[in-house]
Amino acid sequence: GDPSKSMKSMKSMKRVPGAPSTPLTDGERHLHPAAHADGNGSLSVRECAMNLSNAIMGAGALALPNLFKVVGVVPGLALLLFAWLWTWFSMAIMIQAADAVSKRVLRGEPVGSYEDLMAHTLGPRGRTASTVGIVSLQIGCLVGFANVLADVVSPFADEMLPPGLEPNRSAILAAVALGGMLPTGLLVGGESHALLATVSKAALGVVATFAAVLVAHAFSPRRVIAGAGAGSGSIEGPGGFTDQAAAAIAVDGADAIAWFAPLTGLTSVLPLAIFAFGAHPAVLPVVRAVRCEGGPGSQNGPHHGGRFARLRAASEVVRLVLGGCFLGYACIGLGGYASFRSSTAGNVLRNLDGEFVGAVASRALKFGYGCVILASVPTVLLPMHRSATDAFLFFAPSFAVFGAGGGGGAREVSPETSARLSQATAVAAIATSLT
């Protein structure tokens, strides 16, 4: 709706006592590690959209073909559409609330995190509850990433190592977490939004390629219709079926696409559908780096109350991200299900072990999507940086260099301390995900 209506509905919001309405001084901006001139960010709307898309489209997309297998094509699309609608609605409310807090409490500075928004709207208890929920959610994401990466790495490890020296699951999990996820989090994490945008662009390119291959394969005259393991693929050609795993598929059309299916397995896939687009903890850290139209002092600048420049920019980021992710999810989900039908695995990468697009190309796709998972690690760690900063300042308040919006605003640390906290967050989070 109209952002001005949402702003009017928040007139009762109390200002932080002693918080002046004037913009921050140059000295205060210099101390703030994420501040930019006149509250403006350094990334374009498209660059911020790529970072947020990278936070959404990760390991969850690999399970979408199984969603369509369980509930059918039409109910699956309906579930995705419902998830898209409620995610768009909830994100729109969140960024409008953050914009109101920014203008009425923080003197025009963007709200830096979900926890800060909760603190200004629901108080200390709201901040504590959101911090616990975000940390738990992000650790769970890292655990899922490690398992997907282990599935990708395991076949390569079995082939490269001599017989009898094949690593067990725990060793592979430790290797991908400490040898892949941790270095990526250390190198790309923190406040390096421009570097993250470059990594996200490359990752989304791989996702687009993966989706295009699945869709093209679904319409191929020679289509793999079975196989979730090496050597188990069955190929449908003009003359019928080969002998590969022929017992898995009947020729009488029993493996046709299910437009509707019994909803007995709905509960197993409903959480996936509901949270398919969920990346709420990453929204505010990502969009605060967006560059608004107009420079300082112009009528399009972020402090011009009648233009809502930052709110419009953040809304545009969300619109681009959710639209692109819905298209990508539909292509991966429908393309994967149409390719493998009743043999679709819970992780569609496992279907690539058979006769898919050739052994080399299948491995390249699996390796490429493994890199996508690695590229998503910094976006998972990004929301945890605020929690780490709060915990650090609780035990070492003398390191606080600046309180946004006067008394009661978000306390910050110096850029050097922020970088060290980012590294410590990456180490602690990934180590915890291994336990």
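**Exercise 1. Where is the place of Arg341?**

Before we start, a word on the model: it is predicted, so local features need pLDDT of at least 70 and side-chain atom pairs count only at pLDDT 80 or more, while totals for chains, interfaces and linings use all residues. Residues are numbered from 1 along each chain as its sequence is written, and side-chain values use heavy atoms, with hydrogens and water left out.

Solution. 
- Step 1: Look for Arg341 in the loop between α11 and α12 (359–395). Helices here are DSSP runs of H or I with at least four residues, strands are runs of E with at least two, and both are numbered from the N terminus.
- Step 2: Check the cover. Arg341 counts as buried because its relative accessibility is 13%. Buried means under 20% relative accessible area, exposed over 50%, and partly exposed in between (1.4 Å probe, protein chains only).

**Exercise 2. Find the loop that holds Arg107, and say whether Arg107 is buried or exposed.**

Solution. 
- Step 1: Go to the loop between α5 (73–104) and α6.
- Step 2: Arg107 is not a glycine, yet its phi is positive, at about 60°.
- Step 3: With 9% relative accessibility, Arg107 counts as buried.

**Exercise 3. Work out what Asp151 touches.**

Solution. 
- Step 1: Find Asp151 in helix α6 (residues 114–160).
- Step 2: Asp151 has 17% relative accessibility, so it counts as buried.
- Step 3: Skip its neighbours within four places in sequence, and Asp151 is in contact (heavy atoms within 4.5 Å) with Arg169, Asn347, Arg350 and Lys366.

**Exercise 4. Explore the largest nonpolar core.**

Solution. 
- Step 1: Get the idea. A nonpolar core is a set of buried Ala, Val, Leu, Ile, Met, Phe, Trp, Tyr and Cys residues joined through side-chain atoms within 4.5 Å. In soluble globular proteins, nonpolar side chains tend to be buried together.
- Step 2: This core has 88 residues, and Leu142, Met181, Phe210, Tyr329 and Tyr369 touch the most other members. Its largest share, 13 residues, comes from helix α11 (residues 309–340).
- Step 3: Beyond four places in sequence, its contacts include Met181, Val377 and Ile430.
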